[in-house]
Amino acid sequence: MQDASLRAKVCRLCLTEGGSHEWVLALAEAKPVPESSLKSALADEDWRVRWAAVRASAKVRKVSEPRALAEWVTGLQASSDLPACLTAARAAAEAGNTPSVFLQKAGEKGAAAAARVQARKEAIREALEVELYSEDTSTRQRALSHLATFLKVPPARAVVDAMEGRPESADATAAAALRELAELKSLSVGRMLVEVAQPADRERVNRLFAVYSQELQSLQPELTSGDSEKRRTAVFKLRLYGPLAQRELEQALRDPDPRVQESAARGLALAEGLSMLEAAGKRLQAGGDLVAQRPWLAVLAREKNCQASLLAVAEDLKQPVSLRGEALAQLPECASWNQERSKRVLPFLNEPQPPLRAGALRALSGASGEELSESLKRGLQDAAPEVVVAAIETAAHRHQTGLADAIAEQLGSAHDEVRQASAQALERLGKDRHVKALSECLGKDPVPAVRVVAAQTLGVLGGPFAIAALSQAAAKDPDSHVQHVSREALKQLGFSKR
């Protein structure tokens, strides 16, 4: 390019547009059009520059891009048309088509150009396979996408075929190309390979599996980390490996963090090639303990038509009672309370099994008015502690201040879990009149976990009784954690107790 002003303009585009080919498109706007520069760009090593030159030429001549491409391909000697044919294959793939489809709009020379490209199929395949092994992530990712589209095969098939005759030392690069494309499209490499693998591919597929197994092994420290955020990130990464990470995903279903559990469930569904509804239905029908099944209910609660699905589980007499109760408890996570839910949930409040009554009370988190308050009053008087806890927690969630006194009375319950739930609920519902009972709970309750919650709630409610009880606990409670929480509560109230 000899013109200084034009050179300055297009070189600036190289920086501002972030691509190596944008400057070529700008040539179409120059007056007069620098034909020699466009012709030179057609011989560039970068296919994007060549394609940009074709597009610029099409704009100058006021013809379609497929037509300009076809005329370029057919206007060359067969012995020197590989760069043009490769450009055609990649431009078509970039548009999600094969050359024959892409060139249908090229006019009378379209069919001839497509035939020329087809005649160069093996050379094009080899060129794209070389780029598949590039050290540059974007280069190999685009090469794999183009190769699969051009050959009309799944990406995993293209990778396995490209490995033929290549050394194992290059397997990590091929594996990375497939993994990167899977991540881009929210797929799993394990599932992709399982779907295309044939008996003759066993050795090459196993080589890829070996690479992915090493990557899975490197995730183990994160999967067992005490930091829940690190575990969530690691489990999300497991989705990429699908069936290869089956064991790790199954273990993550039992993680104490619900978000880790949900991510694991979604990863298992992806690994099995099922929708979340299908995967959850399959697992719930298969049975199992509540710890392993709860994540599937949680995921189900976030899917479309979740109310019908959860109620179907709750009403299925073949399911364990604990699972049916949990299905009811998950209902507030999906669609809002409606007449259909009221009609089907309220009868569970009269069931003889406590898990069903407790689940129904938790389902009432979406209800309101008389229906809610009367059901919660009955729940607070239930003989089963898990039902009372459900009533207390639902009342706190719905901010039922009218039940605060009845909940405070539960601080004297014989059941640890009821006293703990009561102290926790009073943090939201409690008034000054409840501080004395909470102070006595902090000073006398035999269970440290209950005293911890009482201290936290007193730190919110405050007042002279609260400060005295917290000071006493900070100095003399036999449990170090209770002491620590009491000191923190005092700080929250503006006091420093050393």
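**Group meeting: contacts, rings and a pocket**

Let me start with Glu262, which touches Val299 and Arg302, leaving aside residues up to four places away in sequence; contact here means heavy atoms within 4.5 Å. Before I go on, this is a predicted model, where local features need pLDDT of at least 70 and side-chain atom pairs count only at pLDDT 80 or more, while totals for chains, interfaces and linings use all residues. Residues are numbered from 1 along each chain as its sequence is written, and side-chain values use heavy atoms, with hydrogens and water left out.

Back to Glu262, then. You will find Glu262 in helix H18; helices are DSSP runs of H or I with at least four residues, strands are runs of E with at least two, and both are numbered from the N terminus. With a relative accessible area of 16%, Glu262 is buried. For that word, buried means under 20% relative accessible area, exposed over 50%, and partly exposed in between, with a 1.4 Å probe and protein chains only.

Now step back to the loop between helix H17 (246-252) and helix H18 (258-272), where Pro256 is found. Asp257 has its place in the loop between H17 and H18 too. Which of them is buried and which is exposed? Pro256 counts as exposed because its relative accessibility is 69%, whereas Asp257, at 8%, counts as buried. Again not counting residues up to four places away in sequence, Pro256 touches Arg231 and Gln261, and Asp257 touches Ser228, Arg231 and Arg232.

On to the rings, please. How many aromatic pairs does the structure hold? There are 2, where rings of Phe, Tyr and Trp (its six-membered ring) pair if their centres lie within 6.5 Å, and planes under 30 degrees apart count as stacked, over 60 as edge-to-face and the rest as tilted. Trp51 and Phe102 form an edge-to-face pair, 6.1 Å centre to centre with 65° between the planes. That pair links distant parts of the chain, with Trp51 in helix H4 (residues 47-61) and Phe102 in helix H7 (residues 99-102), 51 residues apart. Both Trp51 and Phe102 are buried.

Tyr212 and Tyr241 also pair edge-to-face, at 5.9 Å centre to centre and 65° between the planes. Tyr212 lies in helix H14 (residues 202-218) and Tyr241 in the loop between helix H16 (228-238) and H17, so this pair ties together parts that are 29 residues apart in sequence. Tyr212 and Tyr241 are both buried.

Next, the largest pocket. It is lined by 16 residues, and Glu326, Ala329, Gln330, Pro332 and Glu333 lie nearest its centre. On a 1 Å grid over the protein atoms alone, a pocket is an open set of points where a 1.4 Å probe fits, with protein on both sides within 12 Å along at least five of seven lines, and lining residues have an atom within 4 Å of a point. H18, helix H20 (290-300), helix H22 (321-329) and helix H26 (385-397) are the elements that give two or more residues to this lining.

One last stop, at two backbone angles. Lys152 has a positive phi near 60°, and it lies in the loop between helix H10 (137-151) and helix H11 (155-162). Asn305 has a positive phi near 65°, and its place is in the loop between H20 and helix H21 (306-314). Lys152 counts as exposed at 67% relative accessibility, and Asn305 counts as exposed at 55%. Thanks, everyone!
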